[in-house]
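Hello,

Please find the structure below. My notes on it follow.

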Amino acid sequence: MQTPPPPPGGQPAAPAAATPPPPAQAGAVQAGYQAQTATPRHESSPEVKERLAAVGAIGQAICAEVAKVIIGKGHVIDNVLIDILSNGNLLFEDYPGLAKTLMTNTFADALGCDFKRVSFTPDLLPADITGTNIYDAKKGEFTFKPGPIFCNLLLSDEINRAPPKTQAALLEAMQEKQVTIGTVTHKLPSPFLTMATQNPVEQEGTYPLPEAQLDRFMFKMSVGYPDRADEDEILARRIERKKDAVDVEVITDPQRVVAMQQAIEDIYVDPAVRMYMVELVARTREDPRVLVGASPRGSQALLKTGRAAAAMRGRDFVTPDDVKSVATLAISHRLILKPEHQIKGLENEEVIQTILGQVPVPTV
């Protein structure tokens, strides 16, 4: 595992013509950071340090196992595990054949979790995902037949090919980790998270995800093409093993994954770093190019994934670099740009990169 992982590939550099914050506002923000960093850092107990060390060690083992299958994408693997430790949902947007499904399946195998796959199609119904009540003639009553959503890791393949009614069947599960059928609510197993894929090119006959559903994904990311050396290694390993399938060792189990997610809650977040997260999200609402900025769900995503990134790097406290490494993945998909900037081809990621360059970084 790479420590720390490099920023996601393919992100454009911050444009030079960014609108800087007012000097008085920037000065006030910096003064607030300096005042808050004057307090000494909290010292974790030996028990907390031991648990977090175990999280880091298990995380490295999981990433190393997945890296046997996914070649040359160490930073992508790290970010997927950060998402899992944060107990969040993940949206892959990339071209076909770039191992989105394979990565999800491999993570499920390494985590020892129950994995289900649903291929979203225009004729898919909500009950095909959540399950339904079926009449039992022998008992003379209706019984609930669970759908594929009752698993630990659900792969929603080509999620934008199903109509909005079917997409909405995931909303409750993604946020509350439960499914309501009729008047009865059924809890999903722990851990539960959704990994969805969509193709950014073939948009004919698709149904774009509504903003409310996009906001429920912790990360939106891409895998990207491998370079020549990595693609040659992919072929060499395929020749060596003489089969398509790759044997993956089980590293952990669902109960331990839940314990790892709970251990993340003990990671210390300095008030200055916390205010840094708030400022980054607040700037998305004030940027003149943005019609709708990130909600508090975005700042909570920064908190959760920043903590997970710190644990992956063997620390019991969050640094501004942890926040910066996940900011684009955690916030960019939550923005709606003004139409005139969309027409000009401005990307959400560019806005986040600009804001990262503007906001003063606290010293912790």
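**Strand pairing, a helix and a pocket**

Strand β1 pairs with strand β8 (residues 193–198) in the parallel sense, over four bridges. Please keep in mind throughout that this is a predicted model.

As for cover, β1 (residues 89–93) has four of its five residues buried.

Next comes helix α9, residues 228–241. At the start of α9, a side-chain oxygen of D227 comes to within 3.3 Å of the backbone nitrogen of A229. Just after the helix, K242 has a positive phi of about 60 degrees.

Last, the second largest pocket holds about 560 Å³ of space. Its lining has 31 residues, and the closest to the centre are S86, N87, K177, M218 and K304. Elements that give two or more residues to this lining are α7 (171–176), β9, α10 (254–263) and α12 (296–312). Which of them gives the largest share? That is α12, with six residues. By type, the lining residues divide into twelve nonpolar, nine polar and ten charged.

Regards

Notes. Residues are numbered from 1 along each chain as its sequence is written. This is a predicted model: local features need pLDDT of at least 70, side-chain atom pairs count only at pLDDT 80 or more; totals for chains, interfaces and linings use all residues. Side-chain values use heavy atoms; hydrogens and water are left out. A polar contact is a pair of N or O atoms within 3.5 Å; within protein, one must be able to donate a hydrogen and the other to accept it, and residues adjacent in sequence count only if both atoms are side-chain atoms. Buried means under 20% relative accessible area, exposed over 50%, partly exposed in between (1.4 Å probe, protein chains only). Two strands pair if DSSP finds at least two bridges between them. On a 1 Å grid over the protein atoms alone, a cavity is a set of points where a 1.4 Å probe fits but cannot get out, and a pocket is an open set with protein on both sides within 12 Å along at least five of seven lines; lining residues have an atom within 4 Å of a point. Grid points are joined across faces, edges and corners, and a volume is the space filled by probe spheres set on the points. Ala, Val, Leu, Ile, Met, Phe, Trp, Tyr, Cys and Pro count as nonpolar, Asp, Glu, Lys and Arg as charged, and the others, Gly among them, as polar.
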